[in-house]
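Thanks for making the time this morning.

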Amino acid sequence: MQTIDHIHKTSISEQVYTQLRDRILKKVLPVGAELPSERELSETLGVNRGAVREAIKRLQQARLVRVRHGGATQVENFEAEGGLELLPSLIVNAQGQVNLEVARGIVALRKALAPVVAGQAAVHGGKALADVLKPVIANMQNTSELPKLQQLAFDFWALVVQGSGNVVFKLAFNSMNQTYLAAWNTLTLVMQDEFRDVDTLTQLMQAIEAGEQRRCEVLARQHVELGSRALNAALGTA
């Protein structure tokens with residue numbers, strides 16, 4: 001195993017998990033590689049075996065490794081086995097830079113999901129959802145400060161996702177948000193056209209209230225396209 005950092009005696013299991021996870025995601029530990037034994041990892045990292053065991057268990061739950069018969073722990077192909085919860089850890093590459101491939105993928109996923117989520121919100125949320133969206137829209141209409149608009153836009157979509165009634169959308173949104181939050185300050189200026197597009201969000205709220213599924217899909221697509229174009233331009237996508 002390549003040289004790894006000594007573990008400090010705080011949140012030991014979490015630190016072991018993070019070190020191993022990052023090496024797997026950055027492919028320092030390639031698919032099929034076997035991790036050292038618990039004893040070897042414990043000695044190398046300067047931690048107790050219980051912390052190593054707990055970290056390995058978490059790696060298994062994230063489908064980053066599997067424990068083979070006989071106790072050997074082998075690195076899995078996370079691109080084939082992993083879930084969306086890995087996105088926040090993948091957004092930064094081995095050189096400490098934004099992983100453009102992952103970032104572009106998130107932009108595409110967001111663009112594809114937003115219309116469907118909005119349409120389902122109209123079906124399942126209706127007037128009750130619109131009633132909780134109205135204060136958010138009112139706050140957006142009463143401010144021109146970009147950071148506030150960014151937060152309010154985030155709040156708006158969080159409510160729409162919750163109102164969609166689809167647990168899969170909710171879980172996907174949670175994973176994407178963790179990635180989004182990691183780049184929050186960077187996105188403030190890049191996505192400002194979308195954050196300032198309060199008129200479309202107002203129309204979307206009204207369409208949700210009226211239960212107009214197709215109109216919600218059109219409005220959501222129109223709205224997130226503003227951010228998608230800006231993000232793709234910033235990422236150097238043709």
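The largest nonpolar core here has 70 residues, and those with the most contacts inside it are L59, M140, F156, W157 and L204. By a nonpolar core I mean a set of buried Ala, Val, Leu, Ile, Met, Phe, Trp, Tyr and Cys residues joined through side-chain atoms within 4.5 Å, where buried is under 20% relative accessible area, exposed is over 50%, and partly exposed is in between, with a 1.4 Å probe and protein chains only.

Before going on, please keep in mind that this is a predicted model, in which local features need pLDDT of at least 70 and side-chain atom pairs count only at pLDDT 80 or more, while totals for chains, interfaces and linings use all residues. Residues are numbered from 1 along each chain as its sequence is written, and side-chain values use heavy atoms, with hydrogens and water left out.

If we take L59 and set aside its neighbours within four places in sequence, its contacts (heavy atoms within 4.5 Å) are Y17, L20, R21, I24, L35, L64 and V65.

Let me turn to helix α13, residues 213–234; helices are DSSP runs of H or I with at least four residues, strands are runs of E with at least two, and both are numbered from the N terminus. Its 22 residues should span 32 Å at 1.5 Å a residue, which agrees with the 32 Å between its end C-alpha atoms, the expected span being 1.5 Å times one less than the number of residues. Among the buried residues of α13 are C216, L219, H223 and L231, and the cover over its buried residues includes α6 (100–124), α8 (146–163) and α12 (198–210). Just after α13, G236 takes a positive phi of about 80 degrees.

Finally, the charged pairs: how many salt bridges does a search of the whole structure find? The search finds 17, each being a side-chain nitrogen of Lys or Arg within 4 Å of a carboxyl oxygen of Asp or Glu. One of them joins E79 and K27 at 3.2 Å, N to O, and this pair links distant parts of the chain, 52 residues apart, with E79 in helix α4 (residues 78–81) and K27 in the loop between α1 (12–25) and α2 (38–45). Both E79 and K27 are exposed. D131 and K134 form another salt bridge, with the closest N and O atoms 3.7 Å apart, and because these two are three residues apart in helix α7 (residues 126–141), about one helical turn separates them. Salt bridges with shared partners join K127, D131, K134 and E209 into one network.
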